[in-house]
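Hello,

Here is the structure I said I would pass on. My notes follow below it.

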Amino acid sequence: MPPAPGNSSTRYLPPMHELSVCQAIVREVLELAAARCATSISDIYLRVGPLSGVETPLLRNAFPFAAAGTVVSGAALHVAPTPVRIHCSRCDADTVVPPNRLLCGQCSDWRTELLSGDELLLDRIEMQCSDEKDHAHV
Amino acid sequence: MCDTCGCNVTHGNEHLLKSGAPLAQTSNGSESIEVLKGLLAANDHEAQHNREHFAEHRVLAVNLMSSPGAGKTALLEATIRDLGDRYRIAVIVGDLETENDAERIRRHGVPAIQISTGSACHLDAHMVHSALHGLDLQEIDIVFIENVGNLVCPASFDLGQHCNVTLLSSPEGDDKPQKYPVMFRAADLVLLSKSDLTPILGDFDPRRAERHVRELANGAPLIEVSSRNGHGMSAWTGWLERALQLQRANGAVEPQRHVHAAAHTHD
């Protein structure tokens with residue numbers, strides 16, 4: 001765990017894997033920022049499904065700790081939830097279901113395949129660059 | 001999952017690729033970059049690397065997960081007693097603190113590597129990779145990775161294992177799969193542990209536990225086991241032996257050569 005910014009005794013961060021996820025976000029964004037000589041990052045957009053095992057509120061709490069002291073510090077974290085969608089191999093229907101009940105919404109069969117809902121994706125970032133000429137295309 | 005060839009594009013995320021150009025200029029002159037990358041890509045890469053180590057040495061890797069106190073270490077001790085004569089077993093064990101579990105395993109004459117995770121609530125592929133360097137994989141048939149006791153975080157990290165075995169002990173209640181869907185959806189086998197307590201407790205229904213696992217679209221078998229009185233141990237060790245045979249049959253192909261991120265040697 002990186003040292004907590006500010007007074008660590010008042011900003012206790014419990015053990016959670018969301019911190020590891022935030023560290024991965026920061027590493028990835030720093031790489032992209034360095035490649036484009038970015039001076040700051042204003043926005044980070046994620047897509048997180050309920051079956052990824054990552055809790056958005058915990059992700060938000062952990063983010064400032066992982067970002068502290070980098071150009072990513074101060075960036076707004078936008079988390080778009082994705083629905084749990086399944087495909088039924090028995091009746092072929094695609095339905096949206098709760099994360100702990102992956103039974104076909106049409107025929108209730110359990111032999112279903114997950115179409116979305118377990119994403120943990122870095123979708124998009126917005127950054128400010130020092131020199132417009134340095135802009136590189138992905 | 002791979003981020004270069006596009007094989008990570010699924011029914012679920014393909015619409016992201018269609019929404020606008022990958023690189024767009026916003027009105028205030030800042031740059032917007034579409035990344036579309038899995039956040040755990042670095043972990044997944046290392047997990048694949050671990051899998052190649054296992055394949056190279058024909059080792060079956062089993063990730064054991066459960067709540068703290070569900071009986072992972074006791075199960076391993078009983079498993080070593082039952083299978084130790086026929087198979088060479090090793091254990092990697094993760095806990096926030098202490099060497100206690102590794103010491104318990106070592107008393108059975110089996111190599112055990114303790115990973116003290118400190119503040120981390122799970123094992124990741126990098127921690128397991130470091131631990132692998134303390135084991136002679138050439139001399140091992142089955143490596144158990146006893147994950148940190150936790151029904152939440154370990155489910156999100158691929159370690160390079162071949163199968164996930166999740167323990168659900170009878171005192172915890174049969175509705176745990178409903179409460180922790182990510183963990184129980186990932187299970188290849190669910191062991192209903194402490195089955196000697198089931199008749200005493202009276203309110204743990206193994207059929208209800210099975211129904212909750214099916215509700216997660218998971219067809220994994222469930223086995224009732226007791227490390228204390230040996231109930232179900234032969235079904236569990238039989239499952240393990242089949243998993244080992246299957247892994248050896250599938251892993252018979254020559255593993256691809258791999259490159260290490262940091263230079264190191266293997267024993």
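B:Trp236 is buried, with a relative accessible area of 0%. Buried here means under 20% relative accessible area, with exposed over 50% and partly exposed in between (1.4 Å probe, protein chains only). This is a predicted model, in which local features need pLDDT of at least 70, side-chain atom pairs count only at pLDDT 80 or more, and totals for chains, interfaces and linings use all residues. Residues are numbered from 1 along each chain as its sequence is written, chains are lettered from A and ligands numbered from 1 in the order in which they are written, and side-chain values use heavy atoms, leaving out hydrogens and water.

Now the rings. Rings of Phe, Tyr and Trp (its six-membered ring) pair if their centres lie within 6.5 Å; planes under 30 degrees apart count as stacked, over 60 as edge-to-face and the rest as tilted. That rule gives two aromatic pairs over all chains. B:Phe144 and B:Trp236 make a tilted pair, 6.3 Å centre to centre with 45 degrees between the planes. B:Phe144 sits in strand β6 (residues 142–146) of chain B and B:Trp236 in helix α10 (residues 233–250) of chain B, so the pair ties together parts 92 residues apart in sequence. B:Phe144 is also buried, at a relative accessible area of 0%.

B:Trp236 and B:Trp239 are stacked, because their ring centres are 6.2 Å apart and their planes at 20 degrees. The two are three residues apart in helix α10 of chain B, so about one helical turn separates them. Both B:Trp236 and B:Trp239 are buried. Together, B:Phe144, B:Trp236 and B:Trp239 form one aromatic cluster.

Next, chain B as a whole. It has 10 helices and nine strands. Helices (H or I, at least four residues) and strands (E, at least two) are DSSP runs, numbered from the N terminus. Of the 267 residues in chain B, 53% are buried.

Two charges sit over rings (NZ of Lys or CZ of Arg within 6 Å of the ring centre and within 35 degrees of the ring normal): A:Arg124 lies over the face of A:Tyr45, at 4.1 Å from the ring centre, and the charged end of B:Arg214 sits over the ring of A:Trp110, 5.6 Å from its centre.

Last, confidence in chain A. Its mean pLDDT (the predictor's confidence in each residue, from 0 to 100) is 85, and 83% of its residues reach 70 or more. Over residues 1–11 of chain A, pLDDT is below 50. Residues 133–138 of chain A also stay under 50.

Best wishes

Terms used
Contact = heavy atoms within 4.5 Å.
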